[in-house]
Amino acid sequence: MTNMLKPMIALLMVLFCQSSAAMDISVVGTTVRLSGPVVGGECDKLKQIISETKIELVVLSNSNGGNANTGYCIGETIRKNKISTSIEGFCLSSCSRMWLGGVTRKLEGDDSTVGLHGNYKGVHLIEESTARLRAWIPRFAPDVDVELMNRWTALFYNKEMMYFYNKRAALCRNGRNECSNIKDKNVFNAGLATK
């Protein structure tokens, strides 16, 4: 293999891996379903779908998040178009921004969860992004518990997250291995879900 072909093959492999790991987007009637990792480009796809089809609901499912700016963009697009959101399974990190964009927001069933924390580079918090996130969230969830929001947006490591369910909430460190319940809190009284 020539020296010139090796970098080209490596680039093609990276592009193939990125595209195969992209968020799965499907449309059924007036519902868009988004699942998987947020890699970028999903906001443009959603905008295209909305321009061609009347969408009333975005269902988010089993996403660990990913690209923060894409999460913000999708949340803003959803709100601008007065679309509701729902979570089936889990919606974490940048996916939570998408969910918060819904004019109405809900979790389907007792085990569905939304996970919130700050924005990270590698494993550490990008402290200058905290102000943006703290200004953004109340615009979309005006009843948010500000004390809790200030806590989750300041979590220093990306393996730390606050998880909110219909009937409970927990602060977890080291993934979901070290969790403690947040007394008397759930997705409703934290000001996140609307129904």
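Start by selecting Cys172: at 2% relative accessibility it counts as buried (buried means under 20% relative accessible area, exposed over 50%, and partly exposed in between, with a 1.4 Å probe and protein chains only). Before you click on, note that this is a predicted model, where local features need pLDDT of at least 70 and side-chain atom pairs count only at pLDDT 80 or more, while totals for chains, interfaces and linings use all residues. Residues are numbered from 1 along each chain as its sequence is written, and side-chain values use heavy atoms, with hydrogens and water left out.

A disulfide joins Cys179 to Cys172, S to S 2.0 Å (the criterion is a pair of cysteine sulfur atoms within 2.5 Å). Look along the S-S bond: the angle about it is 115 degrees, and the link of Cys172 and Cys179 is right-handed.

How many disulfides does a search of the whole structure find? It finds 3, so let's visit the others.

Next, pick Cys43 and Cys73. Their sulfur atoms sit 2.1 Å apart, forming a disulfide, and with -70 degrees about the S-S bond this link is left-handed. Cys43 belongs to helix α2 (residues 42-52) and Cys73 to helix α3 (residues 68-80), so the pair ties together parts that are 30 residues apart in sequence. Helices here are DSSP runs (H or I, at least four residues), strands likewise (E, at least two), numbered from the N terminus. Colour by accessibility and you'll see Cys43 buried at 5% relative accessible area, whereas Cys73 is partly exposed at 22%.

Then jump to Cys91 and Cys95. These two form a disulfide with sulfur atoms 2.1 Å apart. The link of Cys91 and Cys95 is left-handed, with -110 degrees about the S-S bond. Both Cys91 and Cys95 are buried. Counting bonded cysteines along the chain, the disulfides follow the pattern 1-2, 3-4, 5-6.

Last stop: the surface. Select Val123, Phe156 and Tyr157, which form a nonpolar patch there with about 260 Å² of accessible area together. Areas come from the Shrake-Rupley method with a 1.4 Å probe; for residues, only the protein chains shown count as cover. Patch members have over 30% relative accessible area and no salt bridge; nonpolar side chains (Val, Leu, Ile, Met, Phe, Trp, Tyr) are joined within 5 Å, like charges within 9 Å. A salt bridge is a side-chain nitrogen of Lys or Arg within 4 Å of a carboxyl oxygen of Asp or Glu. Zoom in on Tyr157: it lies in the loop between α6 (146-152) and β9 (161-164), and is partly exposed, with a relative accessible area of 40%.
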